[in-house]
Each structure stands twice: as C-alpha cells, then as structure tokens.
Amino acid sequence: MDATSARQRLEQMLAELDRSIGVLRGDPVAVRERSAADAGSDLSDADRAEAMLTVATAHRRAVLDALKRLDEGDYGRCVDCATPVPEGRLEARPEAARCVQCQGKRERRR
Ligand SMILES: [Zn+2]
C-alpha cells in the first residue's frame, strides 16, 4: 500500500472515530434519541458507552500515531523490530504499528 492511500484510509478512519467519540461523549441529539428509545436501561447504556469510548479513544491514538509515522517516513515498519509490516496486515489494519510477532509478544505481556 503506498503512502497516499494509507494516508487516505487513516484520515477516513480518524474522521469516523471522531464522529463516534463525539456521539459517545454525549452529543445532545444522540443522547436524547437514545434515552427516548430505551429509558430505564440508562446505567448499562452508560457503561457500554464508556467501554466503547475507551476502545475508540485507543484506536484514535493508534491512527494518529500511524499518521505521524507516515509524516516521518517510518510508516509500514514495525516500531519494535523495524522489519517491514506485511502488506496484507496493513491492508487489514492501516494503523498497525507492529509486525504480527511483536504484536503477539506485546499482547502476551499484558
Ligand atoms: Zn516486529
């Protein structure tokens, strides 16, 4: 994937994440629609929104980091071992910062 299409996809993802985060943080219209739709389940909804917000915020951070790597010319290389991240992985996850091996190691450490 070339830098131009990578940037396009990342910027598109960023715009979508910004939109979801805005809604989850309590865009008045979305909140009003939701509380009208299922009043009475406010607590679990709030919990769910909170969990989604955490995921979306972390994802947004990863997308921003990937855009920064594009600017610095480091995009597509694993941030841990510096080997090129396989094309197929970048197609599936343009924000991926690590090769599969390093990502696996990182997730096992958690
Ligand atoms: Zn690696």
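The chat below goes from the overall fold to single residues and their contacts.

Q: To begin with, what kind of model is this?
A: This is a predicted model, so the values we discuss are computed from its atoms.

Q: And how many helices and strands does the protein have?
A: The protein has five helices and zero strands, and reading from the N terminus the elements follow one another as α-α-α-α-α.

Q: How much of the protein counts as buried?
A: Of its 110 residues, 28% count as buried.

Q: Let's go to the charges then, how many salt bridges does the structure hold?
A: The structure holds seven salt bridges, and among them is the one in which the side chains of Glu-91 and Arg-9 meet, with an N to O distance of 3.5 Å. Because Glu-91 belongs to helix H4 and Arg-9 to helix H1, which covers residues 3-24, this pair ties together parts that are 82 residues apart in sequence.

Q: OK, and which residue does Arg-60 meet in a salt bridge?
A: Arg-60 meets Asp-18, and their side chains form a salt bridge of 2.5 Å, N to O. Arg-60 lies in helix H3 while Asp-18 lies in helix H1, so the pair ties together parts that are 42 residues apart in sequence.

Q: What is the relative accessible area of each?
A: For Arg-60 the relative accessible area is 28%, which means that this residue is partly exposed, and for Asp-18 the value is 35%, so Asp-18 is partly exposed as well.

Q: Which residue of helix H1 has its C-alpha atom 9.3 Å from that of Arg-60?
A: That is Ala-15, which has its place in helix H1; the C-alpha atoms of Ala-15 and Arg-60 are separated by 9.3 Å, although the two residues are 45 apart along the chain. Ala-15 has a relative accessible area of 38%, so this residue is partly exposed.

Q: Switching to the loops, where is Arg-98 found?
A: Arg-98 is found in the loop between H4 and H5, and its side chain meets that of Asp-80 in a salt bridge of 2.9 Å, N to O. The pair links distant parts of the chain, given that Asp-80 sits in the loop between H3 and H4 and that the two residues are 18 apart.

Q: Why is Arg-98 called buried?
A: Its relative accessible area is 14%, so Arg-98 is buried, as the word is used for values under 20%.

Q: How are the C-alpha atoms of Asp-74 and Ala-97 separated?
A: They are separated by 9.9 Å, with the two residues lying 23 apart along the chain.

Q: What about Ala-82, where does that one lie?
A: Ala-82 lies in the loop between H3 and H4, and its phi is near 65°, a positive value in a residue other than glycine. Its relative accessible area is 44%, so Ala-82 is partly exposed.

Q: Last topic, the surface: which residues form the positive patch?
A: The positive surface patch is formed by Lys-105, Arg-106, Arg-108 and Arg-109. Of these, Arg-109 lies in helix H5, which covers residues 100-109.

Q: Is Arg-109 buried or exposed?
A: Arg-109 counts as exposed, because its relative accessibility is 64% and the word applies over 50%.

Methods
Residues numbered from 1 in each chain as written. Predicted model: local features only at pLDDT ≥ 70, side-chain atom pairs only at ≥ 80, totals over all residues. Heavy atoms only, no water. Patch = residues over 30% accessible without salt bridge, like charges linked within 9 Å, V, L, I, M, F, W, Y side chains within 5 Å. Areas by Shrake-Rupley, 256 points an atom, 1.4 Å probe, with all protein chains shown as cover. Salt bridge = Lys/Arg side-chain N within 4 Å of Asp/Glu carboxyl O. Lys, Arg positive; Asp, Glu negative; His and termini not counted. Charge placed at Lys NZ, Arg CZ, Asp CG, Glu CD. Helix = DSSP H or I, 4+ residues; strand = E, 2+ residues; numbered from the N terminus. Buried < 20%, exposed > 50% of the residue type's maximum accessible area, 1.4 Å probe, protein only.
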